[in-house]
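Please open the structure in your viewer and keep the sequence beside it, so that each selection can be followed in both.

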Amino acid sequence: MTEQLPSPGRYTIIVDPLSTGQEYPAAFEEAGQIPVAVLSGTEPPPAYTTSWHPDDFEHVHYFTGDVAALAEELRQYEPEYLVPGAESGVELYDQLVEILVPGTGNVPELAAARRDKWEMAEALRVAGVPRLRQLRTADPAEAERWLKENDLLGRRLVIKPPKSAAGDEVYVVFEDGDWRERFDRVLGRTNKMGLVNDAVLIQEYAEGTEYLVDSYTVDGKHSLVDVCRYTKISRGDKIGIYHRIDFLAADDPEVLAIWPYTQQVLDAVGIRTGCGHAEVMMTADGPRLIEVAARPAGGGHQMVSELATGDNHIKRTVAHRVRGEVRDSFDLVQHLRGIFVSAYRDGYFRNREVFDGIENLKSFHWMKILHDEDAVVPETVDLFTCLAWVILIHSDAQTLDDDYRRVLEMEAAIVIDEP
C-alpha cells in the first residue's frame with residue numbers, strides 16, 4: 001500500500017537538524033508543518049552526534065553521494081523551501097535547494113564563500129569589502145613565500161582549517177613563533193566536522209573587539225536578529241576560547257558601527273534568504289570579518305538570544321517561511337551576560353560543589369554543568385569543550401558585574417587532578 005502524504009506545502013525539509021538545528025523540528029511542528037530530516041552523511045559529524053535525534057522525524061533521508069538521487073527522493077514532499085540546520089549541512093542545502101526550489105536559497109555561484117573561509121575572503125576582495133590578508137595552501141614553501149611578500153614573517157598569525165566551526169583547531173602563532181609546527185598540526189588532521197584538513201588557512205592576526213552579528217535576510221534585505229560583544233581568552237597557542245558574551249541594543253553605537261559593514265559581507269558572500277551568523281572584529285583600521293555562516297548560531301545561542309530579545313534565528317525562520325512575517329530589527333528586552341566556564345587542563349573534575357550557592361546571586365538565571373563529579377574532562381580549547389555555562393540577567397549593570405566576578409572566583413577554584 002502506498003503511503004498517503006499530506007498536501008503540498010505542509011513539509012519543511014531540514015538539512016542536518018543538528019546542533020542548534022535540532023530545535024527546528026518542534027518549532028515547525030508547532031507552526032503546523034511536518035519536518036523532514038536530511039542528513040548530509042550516513043551519520044552525523046563527531047561534534048554533533050549527541051544532537052542527532054532521528055526519532056523526532058517521521059521521515060529521514062541520508063546523503064550517500066548522489067545529490068540528484070537524493071533530490072528525487074525529496075520531490076515527493078513537494079517542498080516550498082528548505083532550511084540548513086547546522087554548519088555541516090550548508091553545502092548540501094545549497095545544492096538541494098537549487099534543484100528542488102530554485103531561487104529560494106542563496107546565490108548558487110557563491111556557495112563556497114559561505115562555507116570555506118578562504119573563499120569568504122576572496123568574495124570580499126571581489127566585492128571591494130575590507131578583509132584580513134590570508135592564504136590557503138598545503139605547501140609550507142608557498143606559505144613562507146607569501147609571508148615574506150606580505151611582510152608577515154615573524155609577526156603574530158592565526159592558523160586554522162579552511163572549514164571548521166566553534167573555534168575548532170584555531171591557533172595563534174606569536175611573534176617570531178614556529179608557524180610551521182602549527183601548520184603541520186592542522187594539515188591532514190580530521191577536524192570535529194569530520195572533514196580532513198587538506199589545506200591550511202594562514203591569516204594575519206586581528207587585534208580589537210569581536211562581535212557576533214546574527215541576521216535574517218529576505219529577498220536580499222538584511223535585518224538584525226541580535227548582536228553580542230564577545231570576550232575570548234587564549235591558553236597557550238589556542239585562541240578564540242569563548243569566555244563571555246554581552247548582548248547589545250540595536251541602537252548601541254558599537255552596533256551602528258559594525259552593522260553597515262556586516263551587510264556588505266552578507267551581500268559579498270551571496271546571502272539573500274535566511275539566517276546569517278557573522279563574527280566581526282573592530283580593529284584600529286575598522287571592522288574586519290573573521291568568518292560568516294549561512295545558518296543559525298549554535299552553542300546554545302538560540303536560548304540566550306530569546307531571553308535577551310524575545311526572538312532568535314529559529315523563531316525568525318519559522319515566522320518567515322510559514323507565515324510570511326518579516327522583522328526589520330530586534331528589541332533588547334533585558335540585559336544578559338553569558339559565561340563559558342573553562343577547564344584549565346585535562347583530568348578528573350573533583351569539586352563540582354564549587355558552584356554551590358550560585359543560584360543565590362541576584363542576577364543568576366540558569367546554569368548547566370556539562371560533567372559529573374570525578375568525571376574525566378577535556379581541557380577547554382573551543383566551544384565544544386566548555387566545562388559549564390552560566391547565564392546572568394539583571395537590569396542593573398553593577399549587579400551584573402559583581403555577580404560576574406563571583407562566578408570567576410568559582411571558576412578559579414575548580415580542581416582538576418591529573419588523569
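**Charges over rings**

Begin by selecting arginine 185 and tyrosine 171: in this predicted model, the charged end of arginine 185 is placed over the ring of tyrosine 171, at 4.6 Å from its centre. Next select arginine 156 together with tyrosine 205, where the arginine lies over the face of the tyrosine, 5.1 Å from the ring centre.

**Aromatic pairs**

Select tyrosine 11 and tyrosine 77, whose ring centres are 4.8 Å apart and whose planes stand at 55 degrees, so the pair counts as tilted. Because tyrosine 11 belongs to strand E1 (residues 11-15) while tyrosine 77 is in the loop between helix H2 (67-74) and strand E4 (82-84), the pair ties together parts that are 66 residues apart in sequence. Then select Tyr24, Phe28 and Tyr81, which together form one aromatic cluster.

**Two packed helices**

Finally, show helix H5 (residues 140-149) and helix H6 (residues 179-186), which pack with their axes 11 Å apart and at an angle of about 135 degrees; the two helices, H5 and H6, are therefore oblique to each other. Where H5 passes H6, the crossing is right-handed. Which residues meet between H5 and H6? Select Pro140, Ala143, Glu144 and Leu147 on the H5 side, and Trp179, Arg180 and Phe183 on the H6 side, to display this contact.

Notes:
Residues are numbered from 1 along each chain as its sequence is written. This is a predicted model: local features need pLDDT of at least 70, side-chain atom pairs count only at pLDDT 80 or more; totals for chains, interfaces and linings use all residues. Side-chain values use heavy atoms; hydrogens and water are left out. Rings of Phe, Tyr and Trp (its six-membered ring) pair if their centres lie within 6.5 Å; planes under 30 degrees apart count as stacked, over 60 as edge-to-face and the rest as tilted. Helices (H or I, at least four residues) and strands (E, at least two) are DSSP runs, numbered from the N terminus. A charge sits over a ring if NZ of Lys or CZ of Arg is within 6 Å of the ring centre and within 35 degrees of the ring normal. Axes are lines fitted to C-alpha atoms, for helices over the stretch in contact, and angles run from 0 to 180 degrees between N-to-C directions. Angles under 35 degrees count as roughly parallel, over 145 as roughly antiparallel, 65 to 115 as roughly perpendicular and the rest as oblique. A crossing is left-handed if the near helix is turned anticlockwise from the far one by less than a right angle, and right-handed if clockwise. Contact means heavy atoms within 4.5 Å.
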